[in-house]
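User: I would like to go through this structure with you. Could you start with the contacts around the aromatic rings?

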Amino acid sequence: MSKPSVSLAPARQTANAPAGGVDWRRVFAFPNPVNEYAARITAGLVVILAVTTLLTSWGGGLVALAAGFWLRVLFGPRISPLALLSVKVLAPRIGRAKLVPGPPKRFAQGIGAALTSAAVVLFFTGLQPAAWVLLALLIVAASLESLAGFCLGCAIFGFLQRRGLIPADVCEACADISVRRS
């Protein structure tokens, strides 16, 4: 008789899966918590790619940035080349992980996806200067995350959650200020 396998996934994720079917919640799962160091390294890699794109005026760089953000929003770090490099290679070299809530990081990736997608549309419709403005905004936000550990998207997430626009149960650690460090 074989030993039953143990799943570390939350029960609610597997309970809705059809027998023999795909558990779409797991496919589109985002880690919670996440390693802040890996997130900061990914942001640094985004800055490098974005600055290179801006300096070379390369539309393909915009497409690569947008695709990377969409991969991270939809699948977490499992498919994105920049996130895989950060999570699997670079962050482990730093040592012990510093864990932070995942939902604000996913929200921040969503903002990056929206900005870069809009920049792609602007670039390929002949409005390159507007695309470069959006890319410059992304560079500022990603630089803040990478260099100072300040996640602008996470701050916006917290603001929206405090105003009741994001339900508290989306990120209970974010909603309960008693668990935050000063």
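Analyst: Arginine 72 lies over the face of phenylalanine 69, at 4.7 Å from the ring centre. A charge sits over a ring if NZ of Lys or CZ of Arg is within 6 Å of the ring centre and within 35 degrees of the ring normal. Please note that this is a predicted model, in which local features need pLDDT of at least 70 and side-chain atom pairs count only at pLDDT 80 or more, while totals for chains, interfaces and linings use all residues. Residues are numbered from 1 along each chain as its sequence is written, and side-chain values use heavy atoms, with hydrogens and water left out.

User: Which residues of H4 are buried?

Analyst: They are Gly59, Gly61, Leu62, Leu65, Ala66, Gly68, Phe69, Arg72, Val73 and Phe75. Buried means under 20% relative accessible area, exposed over 50%, and partly exposed in between, with a 1.4 Å probe and protein chains only.

User: And what do the buried residues of H4 pack against?

Analyst: They pack against helix H2 (24–27), H3, H5, H6 and H7. From H6, threonine 116 is in contact with Leu65, Ala66, Phe69 and Leu138, leaving aside its neighbours within four places in sequence. Contact means heavy atoms within 4.5 Å. Threonine 116 counts as buried, at 1% relative accessibility.

User: What follows H4?

Analyst: Glycine 76 follows H4, and its phi is positive, near 70 degrees.

User: Changing topic: how many aromatic pairs does a search of the whole structure find?

Analyst: The search finds four. Rings of Phe, Tyr and Trp (its six-membered ring) pair if their centres lie within 6.5 Å; planes under 30 degrees apart count as stacked, over 60 as edge-to-face and the rest as tilted. For phenylalanine 107 and phenylalanine 157, the ring centres are 5.7 Å apart and the planes are at 65 degrees, so this pair is edge-to-face.

User: Where do phenylalanine 107 and phenylalanine 157 lie?

Analyst: Phenylalanine 107 is in helix H6 (residues 102–124) and phenylalanine 157 in helix H8 (residues 152–162), so the pair ties together parts that are 50 residues apart in sequence. Phenylalanine 107 is partly exposed, with a relative accessible area of 27%, whereas phenylalanine 157 counts as buried at 3%. The rings of phenylalanine 123 and tryptophan 132 also form an edge-to-face pair, because their centres are 5.5 Å apart and their planes are at 65 degrees.

User: Are phenylalanine 123 and tryptophan 132 buried or exposed?

Analyst: Both are buried. Together with Phe124, Phe123 and Trp132 form one aromatic cluster.

User: What about the span of helix H3?

Analyst: The 21 residues of helix H3 (residues 36–56) should span 30 Å at 1.5 Å a residue, and the end C-alpha atoms are 30 Å apart, which agrees. The expected span is 1.5 Å times one less than the number of residues. At the start of H3, a side-chain oxygen of asparagine 35 reaches to within 2.9 Å of the backbone nitrogen of tyrosine 37.

User: What covers the buried residues of H3?

Analyst: The cover includes strand E1 (34–35), helix H4 (59–75), helix H5 (81–94), strand E2 (99–100) and helix H7 (128–148). Among the buried residues of H3 are Ile41, Leu45, Val46 and Val47.

User: Finally, how many helices and strands does the protein chain have?

Analyst: The protein chain has nine helices and two strands. Helices (H or I, at least four residues) and strands (E, at least two) are DSSP runs, numbered from the N terminus. Buried residues make up 36% of the 182 residues.

Technical notes
A polar contact is a pair of N or O atoms within 3.5 Å; within protein, one must be able to donate a hydrogen and the other to accept it, and residues adjacent in sequence count only if both atoms are side-chain atoms.
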